[in-house]
Amino acid sequence: MEKVAFLGLGAMGYPMAGHLARRFPTLVWNRTFAKALRHQEEFGSEAVPLERVAEARVVFTCLPTTREVYEVAEALYPYLREGTYWVDATSGEPEASRRLAERLREKGVTYLDAPVSGGTSGAEAGTLTVMVGAPRRRWSGCGPFSPTPRRWSTWGPWGRGTR
Ligand SMILES: NC(=O)c1ccc[n+]([C@@H]2O[C@H](COP(=O)([O-])OP(=O)(O)OC[C@H]3O[C@@H](n4cnc5c(N)ncnc54)[C@H](OP(=O)(O)O)[C@@H]3O)[C@@H](O)[C@H]2O)c1
């Protein structure tokens, strides 16, 4: 089965990655790596160094702002493979998201800004709504890999998910 990866195991990301790990082989990475190891223990995910994240077909991020996502994307950039989806659940900024989408497109990676609503209780319960800022035809390939068992919803072109 295809792997997914989750970067940023904070209050939101930790339980979201847990839902993914129940359904798919899931690689996890976190700046404070002890959290990734704890996640591995709790959910059966696999804690990996950043470069191994590139093995995943769908890479999820949930970091404080688009700036941190950009930094992580730059560190991962040499390893990224064409055909990968990058689903960014960060509540980011539309303009920065568009820049990041362009940067990743040069590598053949499809970036989706996909902020979530529902809070930490929704992340734990698996009831978040994911607001994807991209036309459906661009993200249907990663549709089965939702970070919430509930639903995805689409909000138009890139950058619209964050508005
Ligand atoms: N909390 C909510 O109720 C809620 C609801 C909806 C949307 N959101 C949005 O979801 C996103 C994440 O929120 P959160 O509440 O999960 O935040 P959080 O608990 O503060 O977690 C932040 C995560 O980002 C990582 N991080 C921070 N700076 C980093 C850097 N420079 N490089 C790499 N990783 C870095 C942290 O790693 P460490 O473990 O190493 O610190 C942690 O995994 C935000 O955009 C927020 O606006 C939050």
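Colleague: Which residues of H1 are buried?

Modeller: Gly13, Tyr14, Pro15, Met16, Ala17, Gly18, His19, Leu20 and Ala21. This is a predicted model, in which local features need pLDDT of at least 70, side-chain atom pairs count only at pLDDT 80 or more, and totals for chains, interfaces and linings use all residues. Residues are numbered from 1 along each chain as its sequence is written.

Colleague: Why is helix H1 called mostly covered?

Modeller: A residue is buried if 20 or more other C-beta atoms, placed from the backbone, lie within 10 Å of its own; with 12 or fewer it is exposed, and in between partly exposed. In helix H1 (residues 13–23), 9 of 11 residues are buried, so the helix is mostly covered. For the protein, 45% of the 163 residues count as buried.

Colleague: What do the buried residues of H1 pack against?

Modeller: Strand E1 (4–7), strand E2 (26–29), helix H2 (33–43) and helix H5 (119–125). Contact here means C-beta atoms, placed from the backbone, within 7 Å. Helices (H or I, at least four residues) and strands (E, at least two) are DSSP runs, numbered from the N terminus; the protein has 6 helices and 9 strands.

Colleague: How many residues surround the ligand?

Modeller: 21, the closest being Gly10, Met12, Arg31, Thr32 and Ser91. A residue is near a molecule if its C-beta atom, placed from the backbone, lies within 6 Å of it. Helix H3 (66–76) and H5 are the elements that give two or more residues to this shell, and H3 gives the most, with 3 residues.

Technical notes:
Two residues are in contact if their C-beta atoms, placed from the backbone, lie within 7 Å.
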